[in-house]
Structure formats: structure tokens, C-alpha cells
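Reader: I'd like to learn how to read a few features off a model. Could you walk me through them?

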Amino acid sequence: MSIKKVTQHPSQNEALIFERSQAGRIGYRLPKLDVVETNIDELLPAELRRDDDLDGVPEVSEVDVVRHFTRISTWNYSIDLGMYPLGSCTMKYNSRLNEKVARIAGFANLHPLAPEEESQGALELIYELQQDLAEITGLPGVSLQPAAGAQGEMTGVMLIRAFLDRRDGDASKDRRVMLIPDSAHGTNPASAALAGFSVKTIRSTAEGLTDMEHLKQVCDEGGVAGLMLTNPNTVGIFETNIKEICATIHASGGLVYMDGANMNALVGIARPGDMGVDVIHLNLHKTFSTPHGGGGPGCGPCLCTSALEPFLPVPRVIKAETPVGSVFSESSSSQSHFRLDFDRPESIGRVKAFYGNFGMMIRALSYIYTHGADGLKEATEAAVLNARYLSHLLQDDFDKPYAADPMHEVVFSHKKQSRKGVHTLDIAKRLIDYGFHPMTIYFPLVVEGAMLIEPTESVGRQDLDAFVEAMKDIDKEAQENPQLVIDAPHSTRIGRLDEASAARKPVLRWKPDQEVSAITA
């Protein structure tokens, strides 16, 4: 018995909500006024009100609205549909248990201005997360305020600046050089510049590691404030000489900041503080599985040594003994309570309103408690194993520029496929036709035509094998029918965009009869 496939609808695209508008349609009904009517001029001055009778606002029914946005939502690719092999992004599965915990009413409904005595549970949660992250990284000073990895990174660099200014006094003005490897994330030099540092680039070796000779040479030139290093680095290789790197920077009078974007390869295995790192940021929305929610909210904690701790943002959440008879004490004996400490005269100040994105902290602590120490280590081992599995199976089909076994991610280049005119962007677009989200492309910059793949521990062997099969098929297509790959994707509602024109001449606002075809290929 065969099943006949229903003919697809002739239009697979969806009109804009503006284009669905029909005069007179309405999707709401206001209740009768049950309070004394007030003149609108008393509530909102006329100069602040629209006077065009909402001209141009879509007139649609409830059904129009619901179906429109539901249809669009089905176009999305999400972590619940399949793997995101985005290198350096750690797009792991977001556990439903973490989401359930974050929705506990006492947490979800707590107002950020609630007094300390009514916020003890939340403050204790923040404190316990700080303690756990300190243990995981080997760095005792913790601030959960930063709302993103880049902001946590910026906070770390500001701590270095504050420490040097106190240690060296006026002489610190002569120590304003931040060293950054050529494979670093682009936010590293941006953060350094914003904190008042100039940047010098450290070369990588042919093996993908920091060039120690070049590092020592630049340190000998003087003025070094610190080094911003990712470990494992952005080509997915562990910096085996990390202790020597830290010792070299310290000997020159600088400090070592570690970009924690790749911490998913280290949790439960190795601690940056034990390597000699002075300050690090973490990404709770990477390593600790809180959602990458449309650009936010994120959480990028900053952790540091005890020497840098006085400069951390305020307020700090601390554990204190409750005096007998205080509002916190329900018995005749003293007990612990948690409070916000603003008395940090050397602090760099706030970096985020209130105390950071609390919902992400709940999810991260739930993740840590769910796994436990052994589970966190196992997750790290699985993430590394998955990356090495892909590395082994794809290295004969795609150029692998570095021979070393990768950690949690592996980088390939388009070198073999480019001989047929097929480049990294083409491979990524063709991967969409196979049902996979593309990998990170053209990063790190030290690899021409880079394809950075990070499967995370969330992906099982069946999905890994399907991804490998798709990549191998694309390689075969590139050799036998390159134009098929160059013209990809073929299964999407629109073809490939002219990304250069879209970036230079973005259409950000809909207007009637607007011509947007210029951005499509």
C-alpha cells in the first residue's frame, strides 16, 4: 500500500502581518469601563499621542494573528529539533527540569527590590552558585552580575585595570598593552580597547598552539598588562603549555585572563585557577545549559583570584551570622543569613542592574545539582569524545589543518572542496537541505575557509552518524556536481540571500509597495 503525498501549497512563504491587514478586522474587545472616566489629556498630553488614528497598524483578527505567528514559528530550527553544531557556541540541550525549577513561584515572582529578609531563598541560591562555580574553576572571587559572556569578559579586563592601577599607582599608565592570540574571539580585543588597553597579537604555531617564543619576545618589549587567552583555544586544542604561558606573563608583571567560552571541555577535569589563571568569565548559557534565548538573557559570571576579589562589582552576596533577636533569627541561637554587601570601596561598581539575570542562575544551579560532580565530569568527557568521533570520521573528506586530537570542537577547512569552486559558505548552505543547522563558518580567522564544529555532549551516536553521512554526501556532491552545492539551499522558502547587500542596505521597516528583491540572489 502506498501513501500519496499531499500536494504542497503553491505558496510556501508567509505574508507579513502588515500585508494580511484588511480594513475593519479586529481581534479584541475591550470591557465596559468600570471606573470613573478621566479626560485623556490628564493622563497623556496630546503632544505625546498619535493623531493618525493608528494609520498603518495592521487590522487583523485573532485567527489571523495566531495562525500567522504559529506558521512562522514552524520555520524555526531549535535545539529541540536537532543538533546545533555551532563551534564555540556550546549549543547543548536545555533540560526541562531546569525550566521547571526556574518557574517555581517563589523565584519567578520575586521582585528585585524585595527586602533582604524576604529574599533569603534567592540570595542563598546566588551564594551557593557562586560557591560551586568557584570550586569548578579554582578561583574564589565570583560575581554573577554580567549578563553575557562579552560583558563578563569586559568585567574581567576592568578588574585587571583596577588591580594594576592600585599596585603600580601612576606607573600603571606605562602598562597598557594587552596580548591576544591571533585565534582569539573578536570580543577580546574589543574589551581590551574599551578598558583603555592597546592590543598586540601573539602568533600561533603550525600546531595551533600559542607561539611561546613570540610571546616571550613581546613580553620583553615591556608594558604588558596581561594576556587574554582561550583554553582550549578556538581551534579546539588544549594549550598544553598553559602553566608556562601564565608564568611568562606573571614574570613580566601582567595578569592572565582566560576566556571561558570553551569551559565545556574542562569542567570536572581541570581548573583554570590551578593553571595560573587570574581571572575568567564563564557562559552559563553555554557550559551550564541555560538557554541561548534570541540574544538573551544570558549570564556571564566573572571569577578571579583573591588578589582581584576586592575589585569585583557590587553588591556582593555574602553569608553572615545572624545576631540573636534580629529579624532573621527565629530562635535564641545565632544562625546564618545572606545579605548584599555594598561596602567594597575598591569595587569597579555595577555592571548590571540589580544582581544579574537571576532566572539563568536558577537554571545553572539546577544543572549543577542534577549532574553532581561525577555527572559534570562525564558530560565533559562525552563532549570531547563526540568531537573526536566527528574528527576521526570526517578527516579523510575535509581538510583538517591541525593534527592534534581536538577537545570539545574540531575545525576543518574547505581546502579540498574549493578546488571544485565549492567554499565553506556553500557547504553550510547545503547542510540546511540535509536538515541540519550549519556549523560556525569562517572562524577562527587563522584557518582559511574554517568550519568549526561542536556537537556537545547532548548528541547521541545516531545523530552524529547522520551528520557525518550528510557531510560526506556534500563532499561527494562537491566533487561530482559542484553547482548543486553552490546553488544551495534548495529546500527553503527563499533562496540564498545577497548577504553583502543585506548588511549594507538592510530593510528594517516595512512600507507599502516596498521593493526588497534586491537582497535576494
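Author: Happy to. The chain is assigned domain 1 (10-73), domain 2 (98-324 + 333-368) and domain 3 (380-502), with bounds from an automatic or database domain assignment. This is a predicted model, where local features need pLDDT of at least 70, side-chain atom pairs count only at pLDDT 80 or more, and totals for chains, interfaces and linings use all residues. Residues are numbered from 1 along each chain as its sequence is written, and side-chain values use heavy atoms, leaving out hydrogens and water.

Reader: At what angle do the axes of helix α13 and helix α14 cross?

Author: Two packed helices are described by the angle between their axes and the distance between the axes. Here α13 (residues 424-433) and α14 (residues 461-480) have axes that come within 10 Å and cross at roughly 125°. That makes α13 oblique to α14 (under 35 degrees is roughly parallel, over 145 roughly antiparallel, 65 to 115 roughly perpendicular, the rest oblique).

Reader: Which residues in α13 and α14 meet?

Author: I427, R430 and L431 in α13 meet F467, A470, M471, I474 and E477 in α14; contact means heavy atoms within 4.5 Å. Those residues divide into six nonpolar, no polar and two charged.

Reader: And in what order do the three strands of the open sheet come?

Author: Strands of a sheet pair through backbone hydrogen bonds, either parallel or antiparallel. In this sheet the order is β10-β12-β11, with antiparallel pairing (a pair needs at least two DSSP bridges). β10 (410-412) and β11 (440-441) are the edges, each with a single partner strand, so one side of each has no neighbour in the sheet. Two bridges join β11 to β12 (residues 451-453), and T440 has L452 in β12 as its bridge partner.

Technical notes: Axes fitted to C-alpha atoms, helices over the stretch in contact; angles between N-to-C directions. Helix = DSSP H or I, 4+ residues; strand = E, 2+ residues; numbered from the N terminus. Nonpolar A, V, L, I, M, F, W, Y, C, P; charged D, E, K, R; others polar.
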